[in-house]
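This report covers a single protein model.

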Amino acid sequence: MVFIAAFVAVVFLYSLVSRRLEKTILTAPILFTVAGALTNFLPGAMGDFLRDKPRLLLIAELGLVMTLFTDASRIGLQMLKGNANLPVRLLSTGMLLTIALGALCGVVVLGQLSWWEACILAAILAPTDAGLGEVIVTSPRVPQRIREALNVEAGLNDGLAVPFLMFFIALAAVQEEGMGIEGVLMQFLVEQLGYGTLIGLAVGLAGGWLLGLARRRQWMDGPMAQLGVLALPLACVLASETAHASMFIAAFVAGLAVQAGFREVGRHSVEFAEDWGRLFDFFIFFVFGLLAARTLADFTVAIVLYGALSLTLIRMLPVAIALRGTGLSRQTVLFVGWFGPRGLASIVLGLVYLEAESKLAGEPTIRLAVIATVLLSIFVHGLSAVPGINRYASAVAAMDKDAPEHLVIDDDKAGAGST
């Protein structure tokens, strides 16, 4: 109860001054992480709640399911086309190179990980979190196409990271336990990926068609539309559990598919994310702060070095390669490369990995590297967001009017998936 009481008190206090804090460098993730860390010093802070691992993992799983569905449903495929392919570059070349370079650095820097364990770590840390740099993707001082590219990338790369993570976990188990690789790969492709995709398509297409029909016939009360939308990812969870499929892949695919029949899904998903979804974010960062405070003494030079590399070289070099040929300035490439914060998605994917109980030899190293990287990102990206915008805005102001940064996005196409 001490832990829950502390969290409720911090939420209430933050709500009182939230508007004032918007103009400062103190972001919500920083405040809730610090508050969680300080709660560690309260007697009985760990409590029965955090010792109940299945309950904590269930909350994390449901939170990730809702996040994947929400992100996919608010990012329409037209937004990928309407932004001169910048998000496509970041989500394809950029993400693949990030995972590959992250795995290479994991093997070289950490030294204790096998190749597949290093790939697991790289997949966990591949997604970016727009929430940590919310001021970046909402600031009018940042060119529209740049902030849209970062927003779309953060909205979709968590869902794209899930299959990679599950695939690497399966291969690591093969290596660790000497299992038959054919059987493991078939189970992954058929049950996890195949069934998950089919369930997502079925739930998304059918649910979207029914929601669209109800809206056109005026059967549905306006406020109830949000509940109807939120029922779809929960349906993915139930169906996936029955079929032994991946609920995360199902939820992500359903979020993309539902737009075919119900184009307003993005607005209702955003409404949820801004209300209950934000409370979930605060809770995860609060828990993360408490857990991070208990592991600081275990950090080594190699762990911290990997975290620093993950936020710099491992992120920035792939971005630079992915954006070659776009004509964007060096300042823009550096800006996009730097503001790829690791946050909520990496925390929850890390918990999902731990739930798999693969019992790999490198699990403690993976856990510490994820905590160190996210902890660094929360502070360095949060504190550098406003100064970074100011510096970048000055550089953009000095550019020619026909510079690629000033390219105007077709709002009708770009916003097609988020209405």
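## Surface and burial

The protein chain exposes about 18,800 Å², and carbon and sulfur atoms supply 65% of it; accessible areas come from the Shrake-Rupley method with a 1.4 Å probe, and for residues only the protein chains shown count as cover. Of the 419 residues of the protein chain, 54% count as buried, where buried means under 20% relative accessible area, exposed over 50% and partly exposed in between (1.4 Å probe, protein chains only).

The model is predicted: local features need pLDDT of at least 70 and side-chain atom pairs count only at pLDDT 80 or more, while totals for chains, interfaces and linings use all residues. Residues are numbered from 1 along each chain as its sequence is written, and side-chain values use heavy atoms, with hydrogens and water left out.

## Secondary structure and contacts

The protein chain has 19 helices and 0 strands. These are DSSP runs numbered from the N terminus (helices: H or I, at least four residues; strands: E, at least two).

Among contacts (heavy atoms within 4.5 Å) between residues at least 6 apart in sequence, 85% join residues at least 24 apart.

## Helices α14 and α15

Two packed helices are described by the angle between their axes and the distance between the axes. For α14 (residues 301-311) and α15 (residues 313-322), the axes come within 3 Å and cross at roughly 20°. Axes are lines fitted to C-alpha atoms, for helices over the stretch in contact, with angles from 0 to 180 degrees between N-to-C directions. The two helices are therefore roughly parallel to each other; angles under 35 degrees count as roughly parallel, over 145 as roughly antiparallel, 65 to 115 as roughly perpendicular and the rest as oblique.

On the α14 side, Tyr306, Leu309, Ser310 and Leu311 meet Leu313, Ile314, Arg315 and Met316 of α15.

## Ala118

Ala118 lies in helix α7 (residues 115-125) and counts as buried, at 0% relative accessibility. Not counting residues up to four places away in sequence, Ala118 touches Ala103, Gly106, Val107 and Leu113.

## Aromatic pairs

There are 14 aromatic pairs. Rings of Phe, Tyr and Trp (its six-membered ring) pair if their centres lie within 6.5 Å; planes under 30 degrees apart count as stacked, over 60 as edge-to-face and the rest as tilted. The Tyr14 and Phe32 rings have centres 5.5 Å apart and planes at 70°, so the pair is edge-to-face.

Both Tyr14 and Phe32 are buried.
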